[in-house]
Amino acid sequence: MKHPFNFDAIPMIFTGSKRLAVAKAFDTWIGMQAGTLLIACLLIAATWFSTLNRLEREEQLVIDHAQASQRTLNIIISENLEQVLNRSQIYRIAASQWFEEDRSQVETRIAGMLASDAVFTRVALFDARGGILYASSPSAQDGSIKPAIGMMFAAHDSKPELSVGPLSGAFGESWHVPLLFPVADRSGTRVGVLMLLLDLGYVLRLYQNIDIGKTGAIHVLMENGREIARARRGGLELNKRNDAAGESAALALKTGALIANDGKHLVSTRKLEHHPFAIVIRQEVADVLHNYNAIKKKHLITVAFLTLIVLGSAVWITFILHRQQKAFNSLAASEEEKRTLIQRLEEEKQRALALASQDHLTGLANRRMFMELATSHLFHNKRSRLHSALLFIDLDRFKAINDTLGHHVGDLLLQTVATRLRVLLRESDVISRFGGDEFVLLLTSLESEEAISGIAQRIVDCISERCHDLAGHDIQVFPSIGIAISPRDGQDVDQLIHHADLAMYQSKQSRSGSFTFFDASLNVRNVLQFELEQRFGRAIQEHEFVLHFQPKVELSTYRIVGLEALVRWHHPEHGLIYPGDFIPLAENTGHIVELGNWVIEAACRQLAEWKKRGVPPTRVAVNVSARQLRDDALVAHIRDCLHRYELRADAIEIEVTESSLMESIDVAGDILNQIAGAGIKVALDDFGNGFSSLGYIKTLPIDTLKIDRAFIADIRNSHDDAVIVDSTIALAHNLGMRVVAEGIETKDQLVHLKTAGCDEVQGYYFSRPVTADQIQELLIKKTLIPR
Ligand code: C2E
Ligand code: MG
Ligand code: MG
């Protein structure tokens, strides 16, 4: 059965027993309201029931009492009438003596009796034929009695002992009733009829003042139902016939009922014992109940009033309960709101904790989490003879992938690497991503350094596997891994990370896809980096930088057609430092813009110097880094230098790398257009290292492609590299670009490139980068003939 309360409406925050409790509470409110109304209804019903019951009983009592009174009155009246009629006996005796004794004496006696009698007012004696024999007083009505007398002497057996003469008021007062008694002689033979005029009014007048109500009536009836007189509060009525009341009284006499046939009257009937008369008392029930009805009305009004009070109270209580329920509901709602809020806060906290401890991209631990886990692990393993190794992993060329193929592909790649690491390593190892392409692992419980090497190699192998279909790209990346072993290489996690990082840097320097264990000597490099960074700013002012030049040789003529200016740092303590050791530093610290501007100016100054000395003119290429390409002032600076040293625009060439273009494609494109607009040539350096397509490159004002030396190095042995180089040359020519091959070290490479149609070459084979003075001699020679 469905629960009457809408269970689903209970806030979900209430669970289990609480939910049930809330449902019960709601039920209680509804139950209390329904209960209040029910109790009120029951109370009202009970009150009405008992009141009506009592009223009914009381009504019955009133009726019973009225009936009893009627009966008593009836007995009194009928007894009285009986006694009155019994007195007729002495007149009958006197009448029978009249026929036998001295008539005058009898008449005197009768007259005497009559004089003292208030009930009988006239005496008359008739013979059998109705002739008047004696009369106490004359009356013209005597003749009308004849038929009744005839009845008394009729031939049939049932001769009446008493008969009532005609009631017509002929005997004076209308309520005088002529009673006819047969008179017999001694032998019992009827010889005459005695007529006694009964003053019924005298009899009934006695009861006239008895309260039988407005409608009450005392009927005097003959035994056969004929009404002969009626008394009511208003007076006596005689000879009433054929009216409804008379008929009803006659019927009541016949049936002996206590309630008249119409149901509206109380009736009491009683026949006289010795005379053929009956008394019927009738009274309207409504009249009987008149007084009682007034009381009943009062009672009913009182109960109705009580009902209203109870109902009103119940409604009021229900209303109060309803308000309480509403208050409870809003309390529950606010409780729910509070709980929801708390829950949300909890969730937020959990989320924040997760965020704080998790790398959102890969789901691995983040730096913070790693530090905590690794610290705790190292602390608990202090006494263990097993090793823990901290591995710092960096993906080679990741930045270029990110820049060229987009961050989405970069993210997918990072996720793939994370998944591979997770699959490869044990649960107990801690895997984290510190940001970018840096993954840091803590491998635990390792037996030996060999075991660590084994794992490191497996990591290299698994990461190096080609990743297929990363948003449509198949990509292969190689990791550079640095390893620091606890506790040998560091007492705490920070130190281990720092050393593993140094070792990783070493790996990067050696070859792609390798791992290096930390070696204390690596630290030296770190110190050097620090020192360089500290000194960088001053170094430019103190003229510690110098340009070396490397020639570009045209393959068709072997003439030097250009130089590349390559910066070096004459450090007062560390001697000559190569750009690989300080350019990244300069890029990171922002010094690259200043340094780049210095290089442009130094190149221009050198060109002017050579011009002054009459050295054959040549074009000098300067390298411009990504950061410089975002510098609005770059073009103005180049123009300014050319102008100051009175050089033509084609005396200078700009070399930009693919990756520097990708870092800010729009801005770089814009600046390149300005540079080209100024008539300065642009070369794309280290081509093939990035992911830019020739399709994209052709949209930029690039005159020359410089194929990265990584492709040239193995060009004789690697079929793939040879194909890449050959097709790049062909495509570049197609797009109207010149092609320069970098890093030519052998004759074989030279031959291959020449065959492939490469325009120029640059490399140790012809000349290493050398000082301005040294290159000046080569410039004067103009050509570099291969050995
Ligand atoms: P890059 O522009 O590709 O310069 C060519 C690099 O290849 C030079 O290294 C050069 O010494 C080296 N090289 C030339 N021929 C050969 C060869 O046959 N074999 C080998 N193994 N290497 C060869 P370097 O001078 O150490 O410069 C390294 C990179 O530093 C340059 O690569 C360039 O990207 C950057 N760089 C150098 N000078 C500047 C500069 O003034 N400004 C900027 N932004 N970057 C510079
Ligand atoms: Mg270059
Ligand atoms: Mg290069």
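Predicted model: local features only at pLDDT ≥ 70, side-chain atom pairs only at ≥ 80, totals over all residues.
Trainee: Which residues are the protein donors of the magnesium ion (ligand 3)?

Mentor: The protein donors lie 1.9 to 2.6 Å from the magnesium ion (ligand 3), and along the chain they follow the spacing D-D-x55-E.

Trainee: Which residue coordinates both the magnesium ion (ligand 3) and the magnesium ion (ligand 2)?

Mentor: The two ions, ligand 3 and ligand 2, are 3.9 Å apart in this model, and the residue that coordinates both is Asp685.
The site links distant parts of the chain, since Asp685 belongs to strand S23 (residues 681–687) and Glu742, 57 residues away, to strand S25 (residues 738–742). The residue asked for, in strand S23, is thus Asp685.

Trainee: Are Asp685 and Glu742 buried or exposed?

Mentor: Buried here means under 20% relative accessible area, whereas exposed means over 50%. By that criterion, both Asp685 and Glu742 are buried.

Trainee: Which side chain places an N or O atom 2.5 Å from a nitrogen atom of ligand 1?

Mentor: Arg568 has a polar side-chain atom 2.8 Å from an oxygen atom of ligand 1, and the side chain of Glu742 has an N or O atom 3.0 Å from an oxygen atom of ligand 1, but these contacts concern oxygen atoms of the ligand. The contact to a nitrogen atom, at 2.5 Å, is made by the side chain of Glu745.

Trainee: How much of the accessible area of ligand 1 does the protein cover?

Mentor: On its own, ligand 1 has 780 Å² of accessible area. Around ligand 1 are 21 residues, of which Glu564, Arg568, Asp685, Glu745 and Tyr764 come nearest, and by class the shell has eight nonpolar, five polar and eight charged residues.

Trainee: Which element gives the most residues to the shell around ligand 1?

Mentor: Strand S19 (560–571), helix H15 (579–589) and S23 each supply at least two residues of that shell. With four residues, the element that gives the most is S19.

Trainee: Which strands are the edges of the open sheet of five strands?

Mentor: The sheet has the order S2-S1-S5-S4-S3, with antiparallel pairing. At one end of that order, S3 pairs with strand S4 (residues 176–184) over two bridges, and Val164 stands opposite Leu179 in S4. The strands that pair on one side only are strand S2 (132–135) and strand S3 (163–164).

Methods:
Residues numbered from 1 in each chain as written. Chains lettered and ligands numbered in written order. Heavy atoms only, no water. Donors = N, O, S within 2.8 Å, 3.2 Å for Na, K, Ca; no water. Buried < 20%, exposed > 50% of the residue type's maximum accessible area, 1.4 Å probe, protein only. Near = heavy atom within 4 Å. Polar contact = N/O pair within 3.5 Å; in protein donor to acceptor, adjacent residues only side chain to side chain. Areas by Shrake-Rupley, 256 points an atom, 1.4 Å probe, with all protein chains shown as cover. Nonpolar A, V, L, I, M, F, W, Y, C, P; charged D, E, K, R; others polar. Pairing = 2+ DSSP bridges.
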